[in-house]
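I opened a new structure today and kept notes as I went. The entries are in the order in which I looked things up.

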Amino acid sequence: MTRRSLVELVFDQDCPHVSLARDVLRAALVATGRPVRWHEWDRHAAGTPVELRNYGSPTILVAGNDVADTDGPAFVDGVDRCRLYEDRGVLVGAPPLDQVIAALARNTDAFHDSDGPDLPA
C-alpha cells in the first residue's frame, strides 16, 4: 500500500459539508500545535486509494483511523452518501472539534515521524 499522510480528509466534490470539515480540521490542528496541513482525497478521483473510496463525505482520518468513533459502519461499499455526526445531541455535517482534537492527541508520537506528502491547507 502507498504511504499516506497522517491527517486526511475524504470527501465528495458536491458535499455541502466539506468546508465545515476543513474549518474543524484547521481549528483542531491549531489547537494541538500541529502543522496546519493535511491531504485531501476526492472519493471519485482516479488516484484515491481503494480503501478510502467507500467512506461517507466528509470523513477525517488521523493515522488511518476515522476520528468519529461511531458504533455504526463508517462506510458502505459502493454507495455515495453524505455523512452526519452527532455533537451534543445535534446532527452536524463534520466531526465535532473535540473528537478531532482527541484523535490528534492519541497520535502524538506519529507526528514526530511524519514527513509524508501533506498538502498545505
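The notes below go from the strands and helix to single residues in the loops.

**Ground rules.** I am reading a predicted model, in which local features need pLDDT of at least 70 and side-chain atom pairs count only at pLDDT 80 or more, while totals for chains, interfaces and linings use all residues. Residues are numbered from 1 along each chain as its sequence is written, and side-chain values use heavy atoms, with hydrogens and water left out.

**Strands.** I took helices (H or I, at least four residues) and strands (E, at least two) as DSSP runs, numbered from the N terminus. I looked up how β1 (residues 7-11) and β2 (residues 37-42) run, and found them paired in the parallel sense over four bridges. Two strands pair if DSSP finds at least two bridges between them. Opposite V10 I found W41 of β2.

**Crossover.** With helix α1 (residues 18-31), β1 and β2 make a right-handed β-α-β unit. Right-handed means that, with the strands pointing away from the viewer, the path from the first strand over the helix to the second runs clockwise.

**Helix α1.** I checked its span: the 14 residues of α1 reach 20 Å from first C-alpha to last, close to the 20 Å expected at 1.5 Å a residue. The expected span is 1.5 Å times one less than the number of residues.

Which residues of α1 are buried? I listed V18, A21, V24, L25, A28 and L29. They share one side of α1, because they cover an arc of only 130° around the axis. The arc is taken from the directions from the helix axis to the C-beta atoms. V30 and A31, on the other side of α1, are exposed. Buried means under 20% relative accessible area, exposed over 50%, and partly exposed in between (1.4 Å probe, protein chains only).

**Rings.** I noted the charged end of R22 over the ring of F11, 5.5 Å from its centre. A charge sits over a ring if NZ of Lys or CZ of Arg is within 6 Å of the ring centre and within 35 degrees of the ring normal.

**Loops.** The peptide bond from S57 to P58 is cis, with omega near 0°. I placed P58 in the loop between β2 and β3 (59-62). A63, in the loop between β3 and β4 (65-66), is a residue other than glycine with a positive phi, near 55°. A63 counts as partly exposed, at 33% relative accessibility. R88 also has a positive phi near 55° and is found in the loop between β5 (85-87) and β6 (90-92). At 70% relative accessibility, I put R88 down as exposed.
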